[in-house]
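Please open the structure in your viewer and keep the selection tool ready.

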Amino acid sequence: QIGAEIMEKGGNAFDAMVATELALAVAYPYAGNIGGGGFMVFRKANGEIGCLDYREKAPLAATKNMFLDKDGKVIRGKSTETPLAIGVPGTIAGMFAVNKKYGSMPMSEILKPVIALAEKGVIVTKNQERTLANYREAIIKANGENTKFPTGSKENDTVKYPVLAETFRRIAQNGRNEFYKGQTAKTLVKYLNEKGGIITMKDLAKYEARWRNPLTFNYKDLKVISMSPPSSGGICLAQILKMIAPYDLSKKGHNSAESIQVIVEAERRAYADRSY
């Protein structure tokens with residue numbers, strides 16, 4: 001809804017994307033964030049294509065063996081459930097990069113409805129109630145019993161995010177550098193260091209989103225535009241489709257045993273290759 005409203009106010013598709021990405025950080029943090037990162041792939045009406053890499057990056061102090069014990073074995077949970085698992089966030093850098101190159105509205109305007117949403121609050125869905133319940137122990141383990149995240153929320157409860165709203169307000173006022181060099185950066189680094197993390201102010205200051213060339217390939221009579229490395233998705237998709245292209249799956253029947261076998265075998269090989 002916020003993305004559509006941005007377009008109704010004169011914003012373009014890139015403005016709407018940025019607004020939607022940031023609104024998801026409020027309404028559906030399972031899918032949106034400002035503490036993580038992502039990839040963007042686009043095709044404009046004039047045929048121009050492109051992609052942006054704003055994925056999280058490893059801190060400068062990270063090492064290749066940091067999640068292994070003295071015998072070289074993976075320490076269970078260390079790479080997924082500790083502050084050492086966190087990469088340098090890229091979302092804010094990515095959204096400002098998109099806005100600078102392709103946006104038509106100032107970020108301060110795009111952020112207004114996002115801030116309002118965080119202040120007004122969002123209604124918890126049945127699915128979110130279930131998710132919060134499933135992760136309640138993990139959230140408390142990471143943040144303590146006094147966590148500000150509403151782990152006990154039920155369906156139709158309204159959850160407000162005043163601290164997140166204030167963070168967005170500072171970003172709207174001070175720009176990209178607020179997150180990577182300003183008060184928000186200092187607060188983030190202090191918190192992570194207290195928890196045993198290794199992200200520093202230098203890590204945040206050095207972060208840059210990268211414009212890259214998309215990975216393109218043909219599948220039968222279709223041209224597919226996908227994300228290039230460091231994402232493995234585009235390459236993996238190309239491998240799968242190229243492997244199944246020689247087979248006439250339509251004749252084998254949708255979801256038939258023969259079709260499923262061809263697809264699964266192609267996926268198995270592509271994913272085995274990706275794991276290396």
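Begin by selecting helices α2 and α3, whose crossing is left-handed. In this predicted model, helix α2 covers residues 13-27 and helix α3 covers residues 91-102. The two helices pack at an angle of about 165°, and their axes lie 9 Å apart. Because angles over 145 degrees count as roughly antiparallel, α2 and α3 are described as roughly antiparallel to each other.

Now display the whole protein. The secondary structure comprises 12 helices and seven strands. Along the principal axes, the C-alpha atoms fill a box of roughly 60 × 55 × 40 Å. Of the 276 residues in the protein, 39% are buried.

Next, select Glu119 and Arg169. These residues form a salt bridge, in which the closest N and O atoms are 2.1 Å apart. Glu119 lies in helix α4 (residues 107-120) and Arg169 lies in helix α6, so the pair ties together parts that are 50 residues apart in sequence. How accessible are the two partners, Glu119 and Arg169? Glu119 is partly exposed, at 40% relative accessibility, and Arg169 is also partly exposed, at 31%.

Is Thr167 buried or exposed? Its relative accessible area is 11%, and Thr167 is therefore counted as buried, the cut-off being under 20%. Thr167 and Thr184 are 17 residues apart in sequence, and their C-alpha atoms are 7.0 Å apart in space.

Move on to helix α8 (residues 183-194), and select Lys190 and Glu194, which both lie in this helix. Their side chains meet in a salt bridge with an N to O distance of 2.7 Å. The two residues are four residues apart, about one turn of the helix. Lys190 counts as exposed, at 53% relative accessibility, and Glu194 likewise counts as exposed, at 56%.

For another salt bridge, select Arg268 and Glu265, whose side chains meet at 2.6 Å, N to O. Why are these two residues separated by about one helical turn? The reason is that Arg268 and Glu265 are three residues apart in helix α12 (residues 257-274). Glu265 is partly exposed, with a relative accessible area of 27%. In the protein, the count of salt bridges comes to 12.

Tyr135 is found in helix α5, which covers residues 126-143. With a relative accessible area of 42%, Tyr135 is partly exposed.

Definitions and conventions:
Residues are numbered from 1 along each chain as its sequence is written. This is a predicted model: local features need pLDDT of at least 70, side-chain atom pairs count only at pLDDT 80 or more; totals for chains, interfaces and linings use all residues. Side-chain values use heavy atoms; hydrogens and water are left out. Buried means under 20% relative accessible area, exposed over 50%, partly exposed in between (1.4 Å probe, protein chains only). Axes are lines fitted to C-alpha atoms, for helices over the stretch in contact, and angles run from 0 to 180 degrees between N-to-C directions. Angles under 35 degrees count as roughly parallel, over 145 as roughly antiparallel, 65 to 115 as roughly perpendicular and the rest as oblique. A crossing is left-handed if the near helix is turned anticlockwise from the far one by less than a right angle, and right-handed if clockwise. A salt bridge is a side-chain nitrogen of Lys or Arg within 4 Å of a carboxyl oxygen of Asp or Glu.
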